[in-house]
Amino acid sequence: MTIRPDNFYAEKYGLTPTHSEVLAALPKLEVGKALDLGCGQGRNSLFLNQHGFDVTGWDSNPQSLERLNSIIQQENLQQIRTELCDLNQVRFNGGYQFVFSTVVMMFLQPETIPQLIADMQASTVKNGYNLIVAAMSTDDYPNSQGFPFAFKSGELSDYYRNWHIVKYNEDVGELHRRDEDGNRIKYRFATLLAQKASY
Ligand SMILES: C[S@@+](CC[C@H](N)C(=O)[O-])C[C@H]1O[C@@H](n2cnc3c(N)ncnc32)[C@H](O)[C@@H]1O
């Protein structure tokens, strides 16, 4: 087996590097099935596949999936697939080791979130993990960009109160978007890595 650097595909195909929270979660995860909700062009799906995961990536943007599919084809990758999917419409289940969504939930309708998280949790095997990173709206960093949804303080961790929360923070981060002065726009992001209890 060829050993490749972690950002091999991202660098080769000009994608943004693997999300830092996916990189950080990897050592905790048992290799198995992974579901990438809002996979975009697949920087995280490709990384996990490289580390032995059987990955399914869902996104509603056909151009992004086309790009990811062309990489899959060009590299002749196995155990990685995409599906065109509107997360505002989908219901799902399945036995995944890792279900994750990075920088996606803020684009969804607020009424989608409770059921989406319930499906993420129900689709995770015992001792498996969920990772969510999404924008928040707080008094100090309000939702200035008008995202349809933004977590309130403590809201995301509350969904996981019956799980083992491995990591949770509401740190300030930056969007790729810039304001009129060219500065990257700041938001707080809810970042959660949680493990499903084994009882
Ligand atoms: C900022 S990108 C993040 C992509 C990827 N998760 C990553 O970390 O690179 C947000 C993604 O959410 C997807 N998205 C937005 N609304 C969606 C929806 N209703 N259903 C599925 N995907 C959606 C977009 O197409 C886009 O690929």
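Predicted model: local features only at pLDDT ≥ 70, side-chain atom pairs only at ≥ 80, totals over all residues.
Residues are numbered from 1 along each chain as its sequence is written, and side-chain values use heavy atoms, with hydrogens and water left out.

Me: Why is Glu75 called buried?
Reply: Buried means under 20% relative accessible area, exposed over 50%, and partly exposed in between, with a 1.4 Å probe and protein chains only. Glu75 has 16% relative accessibility, and therefore counts as buried. Glu75 is found in the loop between H4 and strand E3 (80-84); helices (H or I, at least four residues) and strands (E, at least two) are DSSP runs, numbered from the N terminus.

Me: What makes the pairing of Glu75 and Tyr13 a polar contact?
Reply: A polar contact is a pair of N or O atoms within 3.5 Å; within protein, one must be able to donate a hydrogen and the other to accept it, and residues adjacent in sequence count only if both atoms are side-chain atoms. The side chains of Glu75 and Tyr13 make such a contact at 2.5 Å.

Me: Why is H3 described as largely enclosed by the rest of the structure?
Reply: Of the 8 residues of H3, 7 are buried, so this description applies. Among them are Leu46, Phe47 and Leu48.

Me: What makes a set of residues a nonpolar core?
Reply: The set must consist of buried Ala, Val, Leu, Ile, Met, Phe, Trp, Tyr and Cys residues joined through side-chain atoms within 4.5 Å. The largest such core has 34 residues, of which Leu46, Leu48 and Phe98 touch the most other members. Helix H3 (43-50) and strand E4 (96-102) are among the elements that give two or more residues to this core. A second, separate core of 26 residues includes Leu35, Met136, Tyr160 and Ala194.

Me: Which residues does Leu48 contact, leaving aside its neighbours within four places in sequence?
Reply: Contact means heavy atoms within 4.5 Å. By this criterion, the partners of Leu48 include Val22, Leu26, Phe98 and Phe100.
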